[in-house]
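Let's take a friendly walk through a protein model, one piece at a time. Have the sequence and the 3D view ready as you read.

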Amino acid sequence: MRVAVFAGSASGASPGFREAAVELGRGLAEAGVGIVFGGGHVGLMGAVADACLAAGGEVIGVMPRSLVEREIAHRSLTELLITETMHERKAAMADRADAFVALPGGAGTLEELFEVWTWQHLAIHAKPVALLEVGDFWRPLLDALDTMTANGFLKPELRSTLLVARDSADLLGQAKAWRAPTPKWVDGLDPAAPPRP
């Protein structure tokens, strides 16, 4: 099994963010679970990779050539896949992962998270997607998702598919118990939409 990890290229303002990244990397390695990630040596992404490698785990990095050439690629990985574009990078990560988890991060982390979560809703893949909660970092985002749900933009059964884990053991337990939702669109129609006249 491999988990795709989305994480900030910065370490963040609190030491707890880095501690959570290290726990995740070590915990996944100790459980025999590999990591697929963006391939960088910086920030939380570097911390999770280093911790997994130090515990004997497999770490596959996927990075566009333009970023490798800027010398931010991690040079001690099990494997570093070099792509030509960001789109190829994300597709390669998704292909090699059995689940996805987002650590605290910025715009890039959110972009990766929402893409794979949307793909799940559209049955492009049937893999669990999770947030690793550190303190209350994700609380504002979860509140926003609840507002979308309350206002009819996100079906409750799809809202419930986004897992929230406290640590690596919690993540793996929830991922193993997870079941794929009914796809959002069936024969081109949203099954939750009112009937057409």
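## Getting started

Helices here are DSSP runs of at least four residues, numbered from the N terminus. By that naming, Lys90 sits in helix α4, which covers residues 86–96. Keep in mind that you are looking at a predicted model.

## Helix α2 and what covers it

Let's begin with α2. This helix runs over residues 43–54, 12 residues in total. From its first C-alpha to its last it reaches 17 Å, close to the 16 Å expected at 1.5 Å a residue. After the helix comes Gly56, which has a positive phi near 85°.

How many of the 12 residues of α2 are buried? Nine of them are, so the helix counts as mostly covered, buried meaning under 20% relative accessible area. The buried residues are Gly43, Leu44, Met45, Gly46, Ala47, Val48, Ala49, Ala51 and Cys52. Their cover includes the strands β1 (2–6), β2 (34–37) and β3 (59–64), together with helix α1 (15–30).

## How α1 and α2 pack

Two packed helices are described by the angle between their axes and the distance between the axes. For α1 and α2, the angle is about 35° and the axes are 7 Å apart. Their crossing is right-handed.

Which residues meet at this contact? On the α1 side they are Phe17, Arg18, Ala21, Val22, Leu24, Gly25, Arg26 and Ala29. On the α2 side they are Gly43, Leu44, Ala47, Val48, Ala51 and Cys52. The residues of this contact divide into 10 nonpolar, two polar and two charged.

## The nonpolar cores

In soluble globular proteins, nonpolar side chains tend to be buried together. In this model, the largest nonpolar core has 31 residues. Val5, Leu24, Ile35 and Val101 are those with the most contacts inside this core. At least two core residues come from each of β1, α1, β2, α2, β5 (99–102), β6 (129–132), β7 (162–165) and α8 (168–177). There is also a second, separate core of 24 residues, which includes Ala92, Val116, Leu131 and Leu141.

Leaving out residues up to four places away in sequence, Val101 touches Val3, Ala4, Val5, Phe6, Leu24, Ala130, Leu131, Leu132 and Leu171.

## Lys90, a buried lysine

Is Lys90 buried or exposed? Lys90 is buried, because its relative accessible area of 10% falls under the 20% cut-off. Not counting residues up to four places away in sequence, Lys90 touches Glu111, Glu112 and Glu115. Lys90 and Val62 are 28 residues apart in sequence, with 8.1 Å between their C-alpha atoms.

Leu80 belongs to strand β4, residues 79–83. With a relative accessible area of 27%, Leu80 is partly exposed. If we set aside residues up to four places away in sequence, Leu80 touches Gly39, Gly61, Val62, Met63, Ala73 and His74. Leu80 and Val36 are 44 residues apart in sequence, and their C-alpha atoms are 9.8 Å apart in space.

Glu58 is found in the loop between α2 and β3. This residue is partly exposed too, at a relative accessible area of 30%. Apart from neighbours within four places in sequence, Glu58 is in contact with Arg2, Gly34, Ile35, Cys52 and Thr78. Glu58 and Met148 are 90 residues apart along the chain, and 37 Å separates their C-alpha atoms.

## Two alanines to compare

Why does Ala107 count as exposed? Its relative accessible area is 65%, and exposed means over 50%, so Ala107 qualifies. Ala107 lies in helix α5. In sequence, Ala107 and Leu171 are 64 residues apart, while in space their C-alpha atoms are 23 Å apart.

Ala123 sits in the loop between α5 (107–121) and β6. Ala123 is partly exposed, because its relative accessible area of 46% lies between the 20% and 50% limits. Look at the backbone here as well: Ala123 has a positive phi of about 60° although it is not a glycine.

Definitions and conventions. Residues numbered from 1 in each chain as written. Predicted model: local features only at pLDDT ≥ 70, side-chain atom pairs only at ≥ 80, totals over all residues. Heavy atoms only, no water. Expected span 1.5 Å × (residues − 1). Buried < 20%, exposed > 50% of the residue type's maximum accessible area, 1.4 Å probe, protein only. Contact = heavy atoms within 4.5 Å. Axes fitted to C-alpha atoms, helices over the stretch in contact; angles between N-to-C directions. Left-handed = near helix turned anticlockwise from the far one by under 90°. Nonpolar A, V, L, I, M, F, W, Y, C, P; charged D, E, K, R; others polar. Core = buried A, V, L, I, M, F, W, Y, C linked by side-chain atoms within 4.5 Å.
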